[in-house]
Amino acid sequence: MCNRARYSGEPETLFGSAAELFEERPRDNRFNPVELRPKSRNYVIRQQDGKRAWDVMTWDVLGGQAAYPMTNVRNLQLPQWRRLAEKPENRCIIPLTEFAEFTPEKHDLGDGKPPLKGEMWFSVVDQPTFAVAGFWQPTNNGAGFTMVTCDANELVEPIHPKAMITILEPSDVDRWLSGSYEDIVDLQRPYDASRMTVAGPVFPTRQQPPSA
C-alpha cells in the first residue's frame with residue numbers, strides 16, 4: 001500500500017479551501033509534508049462549521065492503537081470505516097504531488113550489498129497537485145487520517161496489483177466532502193492511467209556505484 005508520498009507546498013486555496021489552518025501549525029521534526037511517511041504529521045483539507053480549510057494530522061487514523069499505522073483503508077462496508085464514510089465531518093482530502101509504491105522484485109545494485117526493492121513514484125499529468133480521498137477522526141494521540149484505496153489502474157497494477165490510492169477529479173472534491181455514503185462508494189475508483197506517469201526505480205537508502 002501507499003506508505004510514501006510527497007506534497008511540495010503550503011496551505012493555499014486548493015480545491016475550494018481557505019489558505020489557513022484550523023489549528024496552529026506544529027513545530028517538531030515529525031511534521032514534514034514534503035516527505036510523508038506513516039506516523040508523520042501532514043496537511044489535510046477538511047470542513048468544519050461550514051468552512052473548508054487545512055489542518056495537520058498524523059498519518060494513522062487509529063492513533064497508534066493497532067499493531068501498525070492504519071495509513072490506508074479500502075473495505076468501506078466494515079463498521080469502523082462505514083461509520084467514518086457516512087459522516088461528512090469525518091471526511092478529508094490529502095493534497096499530494098506524487099506517491100510511491102515498491103517494486104515487486106528486488107534489484108542487485110552491484111555494490112556488494114543485498115538486493116533491495118526500489119521506489120516507483122507516480123504523479124498525475126493534468127493535476128500537479130491532486131486530491132486523495134481520505135477519512136479522519138480524533139484519537140487519544142490527536143487527530144489521525146487515512147487514505148482510501150481502490151482497484152489499481154493499468155499503470156499501477158504491474159507494480160502494486162492489489163490497490164492504489166483513490167485520486168479524485170477536482171470536480172468530485174465537493175461530492176467527496178459533502179455527499180452521501182453512496183457518493184463515497186461511487187467515487188472509490190481508479191484514476192485514468194493515461195493521465196498519470198511513473199518514474200523509477202530509485203533507491204534512496206543506497207548509492208549506486210559510479211559506472212566504469
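Predicted model: local features only at pLDDT ≥ 70, side-chain atom pairs only at ≥ 80, totals over all residues.

Visitor: Let's take R6. Which side chain does R6 meet in a salt bridge?
Guide: The side chain of E35, with 2.8 Å from N to O. R6 belongs to strand β1, residues 4–6, and E35 to the loop between β1 and β2, so this pair links distant parts of the chain, 29 residues apart.

Visitor: Is E35 buried, exposed or partly exposed, and why?
Guide: E35 counts as partly exposed because its relative accessibility is 23%, and buried would mean under 20%.

Visitor: Which residues are linked with R6 and E35 in a network?
Guide: R4, E98 and E119 are linked with R6 and E35 in a network of salt bridges.

Visitor: What does R74 pair with?
Guide: R74 forms a salt bridge with D151, and their closest N and O atoms are 2.1 Å apart. R74 is in the loop between β4 and α1, D151 is in the loop between β9 and β10, and 77 residues separate the two.

Visitor: How accessible are R74 and D151?
Guide: R74 has 32% relative accessibility and counts as partly exposed. D151 has 45% and also counts as partly exposed.

Visitor: What about E169, which residue is its partner?
Guide: R195, with the closest N and O atoms 2.7 Å apart. E169 lies in the loop between β11 and α2, and R195 in the loop between α3 and β12, so the pair ties together parts that are 26 residues apart in sequence. E169 is partly exposed at 25% relative accessibility, and R195 is partly exposed with a relative accessible area of 23%.

Visitor: Change of topic. Where is A85?
Guide: A85 is in helix α1. A85 counts as buried, because its relative accessibility is 0%.

Visitor: What does A85 touch?
Guide: Leaving out residues up to four places away in sequence, A85 touches R91, F135, Y181 and I184. The C-alpha atoms of A85 and E182 are separated by 9.4 Å, although these residues are 97 residues apart along the chain.

Visitor: Now the whole chain. How many helices and strands?
Guide: The secondary structure comes to 3 helices and 12 strands.

Visitor: What is the radius of gyration, and what would a compact globule have?
Guide: The chain has 17 Å, and a compact globule with 212 residues would have a value near 17 Å, so the two agree. Along its principal axes, the C-alpha trace spans about 60 × 40 × 35 Å.

Visitor: What share of the residues is buried?
Guide: Buried residues make up 48% of the 212 residues. The accessible surface of the chain is about 10,500 Å², and 49% of that belongs to carbon and sulfur atoms.

Visitor: Last one. What share of the contacts joins residues 24 or more positions apart?
Guide: The share is 69%, among contacts with a separation of 6 or more.

Notes:
Residues numbered from 1 in each chain as written. Heavy atoms only, no water. Helix = DSSP H or I, 4+ residues; strand = E, 2+ residues; numbered from the N terminus. Rg over C-alpha atoms; globule rule 2.2 N^0.38 Å. Buried < 20%, exposed > 50% of the residue type's maximum accessible area, 1.4 Å probe, protein only. Contact = heavy atoms within 4.5 Å. Areas by Shrake-Rupley, 256 points an atom, 1.4 Å probe, with all protein chains shown as cover. Salt bridge = Lys/Arg side-chain N within 4 Å of Asp/Glu carboxyl O.
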